[in-house]
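Hi,

Here is the structure I promised to pass on to you. Have a look at it first, and then read on for what turned up in it.

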Amino acid sequence: MSTLDERIRLRVQAGDFTQWREKVEAVGGCSVPIRLGGAWQVQTPDGHVLAKRAGAVFAPCGNRRESVCPSCSDRYSADAFHLLRAGLAGGAKDVPLSVRQRPRLFVTFTAPSFGPVHSRRTSSRGRVVPCRCGDYHHRADPRIGAPVDPDTYDYEGAVLWQGAASTLWARTMTRLRRAVAHAAGLTVREFPKHARLSFAKVGEYQTRGLIHFHAVLRLDGPDGAAAPSPSWATTDLLTEAVALTARTAKYHDKTTGRTFQWGSQVDIRPIHADQAATLEGHAGQISEEALAAYVAKYSTKGTGTTTAADRPIRSQADIDRLKISAHHRRIIQTAWDLGAQPGLAHLRRWAHMLGFRGHFLSKSRYYSTTFKRLREDRREWRLTEALHTLGVDRASVLVVNSWEFLGTGYRSDAERELAEGIYENRRMQRQQKHRQEEV
Ligand SMILES: [Zn+2]
Ligand SMILES: [Zn+2]
């Protein structure tokens, strides 16, 4: 058996390496690309072929998880940032700059408590005070987030809540629209004729293994982003409606007979245009730019269990093999065991995500642009570039694509290693360019 280094050397020396490298460059060094075979052809409307490329190509895997594909995860994160920023600051297609004048809030909804957990606590003067367990925990203490008493911690309740979190979110948005309508003296039916409530949200795991949601909420006129909000739509009105809704929103699940609600810690902050205050500073006001970056950062993270499960769990043996904390293991085990019951199969399917089955980034239709749109724009831009080098005008030609699926991933570990090197190089070049621009 040859070593990986030797296999890499052989791959680089092979006759088709330059060609292969170009294909990998085209997908940004994606770790597990989709292999396609077929042809791409540029022709005039009467069928005269101007250019043709045939053979095998790669398409990016598009996975948002950093641990699966660093390259596609980077792109996803950049898209998430653009999407969130566009809804906050405008300046994109369909989203005018005037969205900055609308009532906008940054809200964090948390999970309820399922038993005391170790935490690093500070007094109002910033002094570290002892945890419930009596110890002082330093910032990196691995016990933080784990139950003080694992035997009395309500693991079932926590996992069932997590499995219901997305539905609870949806119910909350419905209820919030009703609360805003009532505050404005409108019926639910009248509301859409006067205003529209848009949101974008991301899910983030807390160290206790429970998800919480960071959401941007915006109150527009009836046609969404392009319409000014009515005069009654103020930041105060929206704030009060959110506070009321977070306290009262419920989801009663018939399968388990349980009722799910949010935790008592709901953080509501107004977003003002051109405020440069930072998030960490708890100044109460957040700049749009910092906020979009903060929220986008979470969209590519996994469960925070680091070495935990990146793929679905298929057997008890899979759980036994995981190298994770006792607390996260017990959450996964509970999800797996509960998932054997009728009506709870989703907990087994999503045990590797600690029972959460929703989207990490979601938004309402009128919030801003979409991932699909951003991808299409990028494809269109690349196509225009390619046609430009051929000396043809986009409007006067037809582009015919015919591709079939061949498989996923590289043919060897040496190829994957080389591809990740290509991604890494690009990332460093980009960083260098940014630094030079800043200087
Ligand atoms: Zn990829
Ligand atoms: Zn403790």
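Here is a question to start with: in which hand does α4 pass α6 in their crossing? The crossing is right-handed; a crossing gets that name if the near helix is turned clockwise from the far one by less than a right angle, and is left-handed if anticlockwise.

Before going further, a word on what you are looking at. This is a predicted model, in which local features need pLDDT of at least 70, side-chain atom pairs count only at pLDDT 80 or more, and totals for chains, interfaces and linings use all residues. Residues are numbered from 1 along each chain as its sequence is written, while chains are lettered from A and ligands numbered from 1 in the order in which they are written.

**The whole chain**

The protein chain has 12 helices and 12 strands; these are DSSP runs, with helices being H or I of at least four residues and strands E of at least two, numbered from the N terminus. The C-alpha trace spans about 65 × 60 × 55 Å along its principal axes. Of the 439 residues, 31% count as buried (20 or more other C-beta atoms within 10 Å of a residue's own; 12 or fewer is exposed, and in between is partly exposed, with C-beta atoms placed from the backbone). Among contacts between residues at least 6 apart in sequence, 68% join residues at least 24 apart. A contact here means that the C-beta atoms of two residues, placed from the backbone, lie within 7 Å.

**The two helices from the question**

Helix α4 covers residues 155-183 and helix α6 covers residues 235-248; their axes come within 9 Å and cross at roughly 135°. Axes are lines fitted to C-alpha atoms, for helices over the stretch in contact, and angles run from 0 to 180 degrees between N-to-C directions. The two helices are therefore oblique to each other, the word for angles left over once under 35 degrees is called roughly parallel, over 145 roughly antiparallel and 65 to 115 roughly perpendicular. On the α4 side the contact includes Thr-172, Arg-175 and Leu-176, and on the α6 side it includes Leu-237, Leu-238 and Glu-240. The residues of this contact divide into 9 nonpolar, 2 polar and 2 charged. In this count Ala, Val, Leu, Ile, Met, Phe, Trp, Tyr, Cys and Pro are nonpolar, Asp, Glu, Lys and Arg are charged, and the others, Gly among them, are polar.

**The sheet of 5 strands**

An open sheet has the strand order β10-β3-β7-β6-β11, with antiparallel pairing (two strands pair if DSSP finds at least two bridges between them). β10 and β11 stand at the edges with a single partner strand each, so one side of each is left without a neighbour in the sheet. Neighbouring strands are turned by 15° against each other on average, direction ignored. Helix α3 (residues 70-89) packs on this sheet, touching β3, β6, β7 and β11. α4 turns up again here, lying across β6 and β7 and running at about 155° to β6.

Why is β6 said to be largely enclosed by the rest of the structure? The reason is that 9 of its 10 residues (196-205) are buried. β6 is joined to β7 by 10 antiparallel bridges, and Phe-199 stands opposite Leu-217 in β7. Their hairpin has 5 residues between the strands, and Gly-209 there takes a positive phi near 85°. With β11, β6 pairs over 3 bridges, where Val-202 has Leu-361 as its bridge partner.

**The sheet of 3 strands**

A second open sheet to look at has the order β2-β1-β12, again with antiparallel pairing. Its edge strands are β2 and β12, and neighbouring strands are turned by 10° against each other on average, direction ignored. β1 pairs with β12 over 10 bridges, with Ala-39 partnered by Ser-402. β1 also pairs with β2 over 10 bridges, and there Gly-37 is partnered by Ala-56. In the hairpin of β1 and β2, Gly-47 in the turn has a positive phi of about 95°.

**One residue to look up**

Leu-354 has a positive phi of about 60° although it is not a glycine. Leu-354 is found in the loop between α10 and β11. Is Leu-354 buried or exposed? Leu-354 is buried, with 26 other C-beta atoms within 10 Å.

Enjoy exploring!
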